[in-house]
Amino acid sequence: MISYIKLNQVSKNVSGEWNKMDKRLSFNEDVVNYDRWRPIYCKELFDDIIQYSELEQTKKAIEVGVGTGQATEPFLATGCELTAVEIGEDLAEYTKEKFKEYGNFKVYNTSFEDFECDDDSFDILYSATAFHWIPQEIGYPKALRILKSGGTLALFWNKPFVNREDDLLHQKIQSIYRKYMPSSKKPVENDSERYDIMAKTIQSYGFKDLQVKIYHQTRVFNSSDYISLLDTYSDHRTMPEPSKQLLYSEIKNAILEHGNVIKVYDTMDLYLARK
């Protein structure tokens with residue numbers, strides 16, 4: 001049974017031709033900027049995961065693709081033993097230092113594909129906007145194998161969305177993207193087709209008791225900060241020069257011409273399931 005729950009609160013995702021591994025490693029190039037501008041997730045999302053998994057200090061958790069720890073501290077605060085896996089060396093070192101006061105935290109600088117552990121090791125495996133980098137025929141079976149019986153799979157993503165049909169600034173930004181990053185795929189803010197595909201994929205690998213939950217939040221940026229945010233996206237970071245700088249310059253000027261304020265509408269989709 002799939003349970004869909006929507007909670008309301010206070011990108012363009014463009015496919016490129018660059019190598020997938022290169023994009024994944026691009027996050028390692030500027031960890032300070034990444035840590036500052038990548039979005040955190042809403043409290044309700046973490047509360048729902050912790051309640052579903054009954055996570056507490058006697059349990060073991062693994063985070064796949066920890067980055068700079070935007071989704072880490074709420075789990076550490078439960079007192080659980082948390083193992084983090086991160087392919088980027090600088091990201092791994094940064095996050096290890098960031099949470100050094102926690103004695104219940106370990107970081108391994110490796111890919112999830114290469115990470116070694118015993119079967120039935122963890123009570124929960126979670127991943128924040130990272131699990132899509134792992135081939136599903138590798139990631140899901142391995143997740144199932146290393147989780148304990150009844151253990152929780154928690155996968156979640158944040159999709160930033162700037163397009164509003166009645167917003168002249170967002171219309172201008174879309175025209176800039178069509179010039180430098182053309183795509184035939186129109187971005188979808190509340191992508192029910194994606195949610196269904198993800199749900200069916202998770203179930204197809206043997207997970208059960210699936211729940212899908214959707215959350216919303218709004219962030220506000222000035223022109224400089226918004227460009228810093230864009231430069232944390234893999235498809236932007238791996239753009240060839242000088243196209244990237246031209247894209248950034250035109251977007252920044254457009255924001256300045258519209259009062260130096262831009263709103264980003266985040267949609268977070270969470271998938272909870274059990275082994």
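1. Helices (H or I, at least four residues) and strands (E, at least two) are taken here as DSSP runs, numbered from the N terminus. On that basis, Asp 120 lies in the loop between strand S4 (105–109) and strand S5 (122–128). Asp 120 has a positive phi of about 55 degrees although it is not a glycine, and with a relative accessible area of 45% it is partly exposed, where buried means under 20% relative accessible area, exposed over 50%, and partly exposed in between (1.4 Å probe, protein chains only).

2. As to provenance, this is a predicted model, in which local features need pLDDT of at least 70 and side-chain atom pairs count only at pLDDT 80 or more, while totals for chains, interfaces and linings use all residues. Residues are numbered from 1 along each chain as its sequence is written, and side-chain values use heavy atoms, with hydrogens and water left out.

3. In overall terms, the secondary structure of the protein chain consists of 11 helices and 8 strands, and 52% of its 275 residues count as buried. The accessible surface of the protein chain, computed by the Shrake-Rupley method with a 1.4 Å probe, comes to about 13,300 Å², and carbon and sulfur atoms account for 47% of that surface.

4. A positive phi is also found at Asp 209, again about 55 degrees and again in a residue that is not a glycine. Asp 209 belongs to strand S7 (residues 208–221), and its relative accessibility of 42% makes it partly exposed.

5. The loop between H10 and H11 contains Pro 242, and the peptide bond that joins Glu 241 to Pro 242 is cis, with omega near 0 degrees.

6. Helix H11 (residues 243–257) has 15 residues and should span 21 Å at 1.5 Å a residue, which agrees with the 21 Å between its end C-alpha atoms; the expected span is 1.5 Å times one less than the number of residues. Within H11, the residues Lys 244, Leu 247, Tyr 248, Ile 251, Ala 254 and Ile 255 are buried. They cover an arc of only 130 degrees around the axis, so they are on the same side of H11, the arc being that of the directions from the helix axis to the C-beta atoms.

7. What do the buried residues of H11 pack against? Their partners, with contact meaning heavy atoms within 4.5 Å, are helix H7 (168–180), helix H9 (223–230), helix H10 (234–237) and strand S8 (262–274). H11 is followed by Gly 259, whose phi is positive, near 85 degrees.
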